[in-house]
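Welcome! Take a moment to turn the model around before reading on, and then we will walk through a few of its features together.

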Amino acid sequence: MILPSTATLKDVAARAGVSLKTASRVLNEHPSVAPETRAAVLAAIDALRYTPDQAARSLRAGVDRCVGVLVDSIGDVFFAELAAAVERRLDEHGYTCLVVSSNRDRDREVAVAQSFVARRCAGMIVAPLDENSLATAALRGTPVVFVDRPGGVAGAVSVVVDDVALSRRATEHLIDHGHSRIALLSDTPAMGTTRLRHEGYRQAMAARGLPVDEELVCSDVPQAADVPPAVTRMLALADPPTAIISTNSRLSLGLIPVLHQFRRTDIAVISYGDFQLAGSLSPAITVIDHSAAAIGEAAVAALLPLMRGGTPPAGGVLHVPCRLIPRGSGELSPVSSTSIGES
């Protein structure tokens, strides 16, 4: 009897009634294997508890069954969720992943990407600083998928959302509920996604004939800890905002406690990106469902065929659909500062 811990691929092939070559093709997810043959081999693998020798497979293939994942910061709630989705999907296909933070440092970004190549990663998923990211990196043909922001590497795929349209949608939603004093709380516009979200906001205001008060555009709020002074300054204005758009979930996690602290939950809020307990607050937070998990899953789906030698889709850009989820905070009517003073 073959012990599960010592089973080899030859044993798997024998149990499944196929050749060693066919069993190997199933293990490497070769597309030319018939579904019933694939099912028989997978059943044999499960029955024998066969575990592939990853080191030997890497030597034969010339690459490791590991994918390098490079994000801004693993401590960021959006990228933590994205990395978790990537890891989950890769695991389903027999790959592991190595997650590293770039900390938005260009030199580190290139160095980490080249370290992925040096360790023979089968591919990489990268949240680039901009379209020129990795332009100087020696990638040696390693398949690359960019996430959240488009990249400029030839043969790569970029998995993004339509930031301009989504930001415009959020702004229009608030205007439709009577708001004209709409504040924008954001990271630096030096980041491509933030710049596009600013553009969508300004487009919506202009289309409705509403002026943008630059006092309400806070574009230097990188972290949740920077939100309180920015909001405090806006609320002290002679004509404060009646609505606020937070351009990422990280800032939303700083904004909501501040509004509760000031007892200003009458201010309408839309968060670009959902977050835990957003639907449980009072009022519940209206969000643009900018799903990190959906982007991560789409990135893996785009990377798998590239790692098998496939070609990228025409245009090289895949858009992940998003929607606005009305929950209450984005549907509040404006309350004037005079009314607040009288209450």
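## A pair of rings

Let's begin with the aromatic side chains. This is a predicted model, and the count of aromatic pairs in it comes to 1. A pair of aromatic rings is described by the distance of the centres and the angle of the planes. Planes over 60 degrees apart count as edge-to-face.

Are Phe78 and Phe79 buried or exposed? Both are buried.

Now find helix H2, residues 20–27, and helix H3, residues 35–48. Their axes lie 10 Å apart and the helices pack at an angle of about 85°, so H2 and H3 are roughly perpendicular to each other.

Which residues make the contact? H2 brings Thr22, Ala23, Val26 and Leu27, while H3 brings Thr37, Arg38, Val41, Leu42 and Ile45.

## A helix with a buried face

Further along is helix H9, residues 227–235. Its buried residues are Val227, Ala230, Val231, Met234 and Leu235. Seen down the axis of H9, these buried residues fall within an arc of 130°, so they line one face of the helix. An α-helix has 3.6 residues a turn, so residues three or four places apart point the same way.

What do the buried residues of H9 pack against? Their neighbours are strand E6 (182–185), strand E7 (217–218), strand E8 (243–246) and helix H10 (249–261).

Technical notes
Residues numbered from 1 in each chain as written. Predicted model: local features only at pLDDT ≥ 70, side-chain atom pairs only at ≥ 80, totals over all residues. Heavy atoms only, no water. Axes fitted to C-alpha atoms, helices over the stretch in contact; angles between N-to-C directions. Helix = DSSP H or I, 4+ residues; strand = E, 2+ residues; numbered from the N terminus. Parallel < 35°, antiparallel > 145°, perpendicular 65-115°, else oblique. Contact = heavy atoms within 4.5 Å. Buried < 20%, exposed > 50% of the residue type's maximum accessible area, 1.4 Å probe, protein only. Arc of directions from axis to C-beta. Phe/Tyr/Trp six-rings, centres within 6.5 Å; stacked < 30°, edge-to-face > 60°.
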